[in-house]
Amino acid sequence: QVQVVESGGGLVQPGGSLSLSCEVSGSIFTVSKMGWYRQAPGNQRALVAQITRSGNVIYEDSIKGRFTCSADNDKNTVALQMNILNPEDAGIYFCYARIVLSDSYDWLDVWGRGTQVIVSS
């Protein structure tokens, strides 16, 4: 069984900062890519940031350089540093990883349960 656990969500005022972290554990695997998705009320879950094992990062346009995604492939962790937050950034942030199982070489997409980010005065 693979576990995906996010942490770091909470309430922040507009203009503030927040840091999210995620750890994938529980089985022997290698990470192909990891990232963060956001789901706001009434909206579909959408990509915020993604980082591949080689370190290539893709960001959603709306964050406009305010967020930084980083990963530690040896520890199977991914983080999202969020700065200059605005209400449009609010929602449930889900950690995502595509992993390759070491015994079967099958790949799996795994998801965390989500951590809530509230941006409000």
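1. **Charges over rings.** R45 lies over the face of F94, at 3.7 Å from the ring centre. A second case involves R98: its charged end sits over the ring of W107, 4.3 Å from the centre. The criterion is NZ of Lys or CZ of Arg within 6 Å of the ring centre and within 35 degrees of the ring normal.

2. **Basis.** This is a predicted model; local features need pLDDT of at least 70, side-chain atom pairs count only at pLDDT 80 or more, and totals for chains, interfaces and linings use all residues. Residues are numbered from 1 along each chain as its sequence is written, and side-chain values use heavy atoms, with hydrogens and water left out.

3. **Aromatic pairs.** How many aromatic pairs does a search of the whole structure find? The search gives three. Rings of Phe, Tyr and Trp (its six-membered ring) pair if their centres lie within 6.5 Å; planes under 30 degrees apart count as stacked, over 60 as edge-to-face and the rest as tilted.

4. **Y37 and W111.** The ring centres of Y37 and W111 are 4.9 Å apart and the planes are at 65°, so this pair is edge-to-face. It links distant parts of the chain: Y37 is in strand β4 and W111 in strand β10 (residues 107-111), 74 residues apart. Strands (E, at least two residues) are DSSP runs, numbered from the N terminus. Y37 is buried, with a relative accessible area of 17%, whereas W111 is partly exposed at 34%. The cut-offs: buried means under 20% relative accessible area, exposed over 50%, partly exposed in between (1.4 Å probe, protein chains only).

5. **Y96 and W111.** Here the centres of the Y96 and W111 rings are 5.0 Å apart, with planes at 50°, so the pair is tilted. Y96 lies in strand β9 and W111 in strand β10, so the pair ties together parts that are 15 residues apart in sequence. Y96 is buried, at 5% relative accessible area. Y37, Y96 and W111 form one aromatic cluster.

6. **Disulfide.** A search of the whole structure finds one disulfide (cysteine sulfur atoms within 2.5 Å). It joins C22 to C95, S to S 2.0 Å. The link of C22 and C95 is left-handed, with -85° about the S-S bond. C22 lies in strand β3 and C95 in strand β9, so the pair ties together parts that are 73 residues apart in sequence. C22 is buried at 3% relative accessible area; C95 is buried at 0%.

7. **C69.** C69 counts as buried, at 5% relative accessibility.

8. **Core.** The largest nonpolar core has 29 residues; W36, L80, M82 and Y93 have the most contacts inside it. Such a core is a set of buried Ala, Val, Leu, Ile, Met, Phe, Trp, Tyr and Cys residues joined through side-chain atoms within 4.5 Å. Elements giving two or more residues to this core include β3 (18-25), β4 (29-39) and β9 (91-101). β9 gives the largest share, five residues.

9. **M82.** Not counting residues up to four places away in sequence, M82 touches G16, S17, L18, L20, R66, F67, Y93 and V117. Contact means heavy atoms within 4.5 Å.

Key
Helices (H or I, at least four residues) and strands (E, at least two) are DSSP runs, numbered from the N terminus.
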